[in-house]
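Subject: Structure for you to look at

Hi,

Here is the structure I wanted to pass on to you. Please open it alongside this message.

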Amino acid sequence: MKKLVFMLALVFAGATANAQAWTGKGDQKINAGLSAWGYGTGITGTYDYGLNNLISIGAGLNGYFDNYKDNDSDNNVFIFGRLNFHLKEALQLPEKLDIYPGVDVGVLGKDFGIGAHIGARYFFTERIGVFAEVGNNGSLGVSINL
């Protein structure tokens, strides 16, 4: 196990030279991970598209397995649109890091759902990184540069 961890560390260390967390207009990201709080516990997937250096729009889907809103099984899926404001340039963050507050608006089962979050992405390689979002609908997982 130690050898596997060491080899993965070497691969990530050698491939970090061109990692960029946010490039602005036309930038595309996919996030996939676990949703651990908010409307419930489950999995999440999101897509973001950069409109300019500050704003991205996107969509997402959360599937909840446990603790969903009001314990009503009709509330176990949240389909939403999202809007993020990327602060990488404004805060002069390193190329590998992006911090972004945002909102999610969509349908939660039969109900209207809304959430606010602040997220961060950190890229180890040009393509692969990690993300975390906290707020009404928080999650963490893997981020992929398209």
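Below is what turned up in it, from the overall fold down to single side chains.

A few ground rules come before the findings. This is a predicted model, in which local features need pLDDT of at least 70 and side-chain atom pairs count only at pLDDT 80 or more, while totals for chains, interfaces and linings use all residues. Residues are numbered from 1 along each chain as its sequence is written, and side-chain values use heavy atoms, with hydrogens and water left out.

**Overall fold**

The protein has 1 helix and 8 strands, counted as DSSP runs (H or I, at least four residues, for helices; E, at least two, for strands) and numbered from the N terminus. Along the sequence the pattern reads α-β-β-β-β-β-β-β-β. Of its 146 residues, 37% count as buried; buried means under 20% relative accessible area, exposed over 50%, and partly exposed in between, with a 1.4 Å probe and protein chains only.

Strand E5 (residues 97–108) runs antiparallel to E6, and 12 bridges join them; strands pair if DSSP finds at least two bridges between them. Val103 stands opposite Ala116 in E6. The E5–E6 hairpin has 2 residues between its strands, and Gly109 in the turn shows a positive phi of about 60°. On to strand E7 (residues 128–135): 7 bridges join it to E6, again antiparallel, and the hairpin between E6 and E7 passes through 4 residues. Here Ala120 has Ala132 in E7 as its bridge partner.

**Charged side chains**

How many salt bridges does a search of the whole structure find? It finds 6, a salt bridge being a side-chain nitrogen of Lys or Arg within 4 Å of a carboxyl oxygen of Asp or Glu. Asp48, Arg82, Asp104, Arg121 and Glu133 are linked in a network of them. Within it, Arg82 and Asp48 meet at 2.9 Å, N to O. Arg82 lies in strand E4 (residues 77–85) and Asp48 in strand E2, so this pair ties together parts that are 34 residues apart in sequence. Asp104 also forms a salt bridge with Arg82, with the closest N and O atoms 4.0 Å apart. Because Asp104 lies in E5 and Arg82 in E4, that pair links parts 22 residues apart in sequence. Asp104 is buried at 1% relative accessibility, and Arg82 is buried at 4%.

Arg121 sits in E6 and is buried, at 0%. Its side chain makes polar contacts with the side chains of Asn31 (3.5 Å) and Ser143 (3.4 Å). A polar contact is a pair of N or O atoms within 3.5 Å; within protein, one must be able to donate a hydrogen and the other to accept it, and residues adjacent in sequence count only if both atoms are side-chain atoms.

His117, also found in strand E6 (residues 111–123), is buried at 5%. The side chain of His117 makes a polar contact with that of Asp104 (3.5 Å).

Lys29 forms a salt bridge with Asp27, their closest N and O atoms being 2.7 Å apart. Both Lys29 and Asp27 are buried. Ile30, in strand E1 (residues 28–35), is partly exposed at 34%.

Best wishes
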